[in-house]
Amino acid sequence: MTTAGLDVAVQEQAELGEGPTWDPATGRLIWVDIVSARVHTYDPVSARRTVMATEQHVGAAKPRAGGGLVVNLREGIGLYDPDGRFRWLVHDPEPGRRGNDAAVAPDGALWAGTMRDDGAETGGSLARIAPDGAVTSVLPVVACSNGIGWSPDGRLMYFIDTPTRRIDVFDFDGGRAVNRRPFATVEEGAGFPDGLTVDAEGAVWVALWDGAAVRRYTADGGLDRTVALPVQRPTACAFGGADLRDLYITSARSGLAAPHPLSGSLLVLPDAGRGLPGTAFAG
């Protein structure tokens, strides 16, 4: 099935598909269904899929340098070893709060966000988690911590707090993000910015929740391209495939009275550009 050049990689009814991440070590795309507590993988060469249940809502799952996964769960940051064994790296439960989007910085640290189940504007946060589990608070007050990514030279970090409608940018020195400022704003009526990825040219691609589209902003913040989608609630995007040229897009059906048949599926836009090699979590 295709729609305006778009392919369906995995037809699925995920309630809240999120966090696509290419794992070059396995040649698979990793993504999650947050509220169904599932971690999915997809091999575009063989079309083989796996689904792993987690015991808690899972906001993000990223590859580890030695194999396995680091996961942003409801009660903190967990580690899955290559043999499937689980242990907590950071266990910090707070009633009504869960982990949301996360990303691995160029130095191998995890930057992980949280949000409140009720969407309270002051209930979320953003933190840096070192490989040894040391936690540094970055933004203690966030409504819905979402897209995180870095420029090709690693000197800029992008971040989305979804209700603000902004993509913000920070100066980044390898361990700290400072000098927060707006990079681009999504106008009212066009949806809300959710997950993002940065391509090899330094452009920022962002999925628009309730906007049925993915946008590409150039490195100077100008709107360069809009890709219309059949699903109302795309959630995040990432480049994958052996040459990192295919843009994978997760989507959600949660909260929709009459979702499109593809809502909750993993979509792909072939040969959309060229992505940046990712970094595995060093812990």
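Which residue lies over the face of phenylalanine 192? The one to look for is arginine 165, placed 4.1 Å from the ring centre. Keep in mind as you click around that this is a predicted model.

**Aromatic pairs**

Staying with rings for a moment, a search of the whole structure turns up 8 aromatic pairs. One of them joins tyrosine 80 to phenylalanine 86, with 5.1 Å from centre to centre and 55° between the planes, a tilted arrangement. Phenylalanine 86 also pairs with tryptophan 88: here the centres are 5.2 Å apart and the planes sit at 80°, so this pair is edge-to-face. Put together, the ring pairs link Tyr80, Phe86 and Trp88 into a cluster.

Now take a look at β21, which covers residues 213-217. Is this strand buried or exposed? Of its 5 residues, 5 are buried, so the strand is largely enclosed by the rest of the structure. In a regular strand, side chains alternate between the two faces of the sheet. For β21, both faces are covered: Ala213, Arg215 and Tyr217 are buried on one side, and Val214 and Arg216 are buried on the other. Note that arginines turn up in both of those buried sets.

β21 has strand partners as well. It runs antiparallel to β20, joined by 5 bridges, and valine 206 has arginine 215 of β21 as its bridge partner. Another 5 bridges join β21 to β22 (residues 223-228), also in the antiparallel sense. In that pairing, alanine 213 is bridged to alanine 228 of β22.

Phenylalanine 172 has alanine 177 in β18 as its bridge partner.

| Hairpin | Residues between the strands | Residue with positive phi | Phi |
|---|---|---|---|
| β17 and β18 | 4 residues | glycine 174 | near 110° |
| β20 and β21 | 3 residues | aspartate 210 | near 65° |
| β21 and β22 | 5 residues | glycine 221 | about 90° |

**Positive phi elsewhere**

Most residues other than glycine have a negative phi. Two further residues are worth a look with that in mind. Alanine 37 has a positive phi of about 55° although it is not a glycine. You'll find alanine 37 in the loop between β4 (28-33) and β5 (38-42), where it counts as buried, at 9% relative accessibility.

Aspartate 271 is the other one, with a positive phi of about 50°. It lies in the segment after β25 (266-269). Is aspartate 271 buried or exposed? With a relative accessible area of 52%, aspartate 271 is exposed, whereas alanine 37 is buried.

**A loop alanine**

Alanine 203 sits in the loop between β19 and β20 (204-209). Despite being in a loop, alanine 203 is buried, with a relative accessibility of 2%. If you want a sense of scale, alanine 203 and leucine 69 are 134 residues apart in sequence and 27 Å apart in space, C-alpha to C-alpha.

**The second largest pocket**

Which residues lie nearest its centre? Those are Leu16, Arg98, Met115, Cys144 and Trp209, out of 21 lining residues.

Which strands supply at least two residues of this lining? β11 (97-104), β12 (110-116) and β19 (192-198) each do.

Note on methods
Residues are numbered from 1 along each chain as its sequence is written. This is a predicted model: local features need pLDDT of at least 70, side-chain atom pairs count only at pLDDT 80 or more; totals for chains, interfaces and linings use all residues. Side-chain values use heavy atoms; hydrogens and water are left out. Rings of Phe, Tyr and Trp (its six-membered ring) pair if their centres lie within 6.5 Å; planes under 30 degrees apart count as stacked, over 60 as edge-to-face and the rest as tilted. A charge sits over a ring if NZ of Lys or CZ of Arg is within 6 Å of the ring centre and within 35 degrees of the ring normal. Buried means under 20% relative accessible area, exposed over 50%, partly exposed in between (1.4 Å probe, protein chains only). On a 1 Å grid over the protein atoms alone, a cavity is a set of points where a 1.4 Å probe fits but cannot get out, and a pocket is an open set with protein on both sides within 12 Å along at least five of seven lines; lining residues have an atom within 4 Å of a point. Two strands pair if DSSP finds at least two bridges between them.
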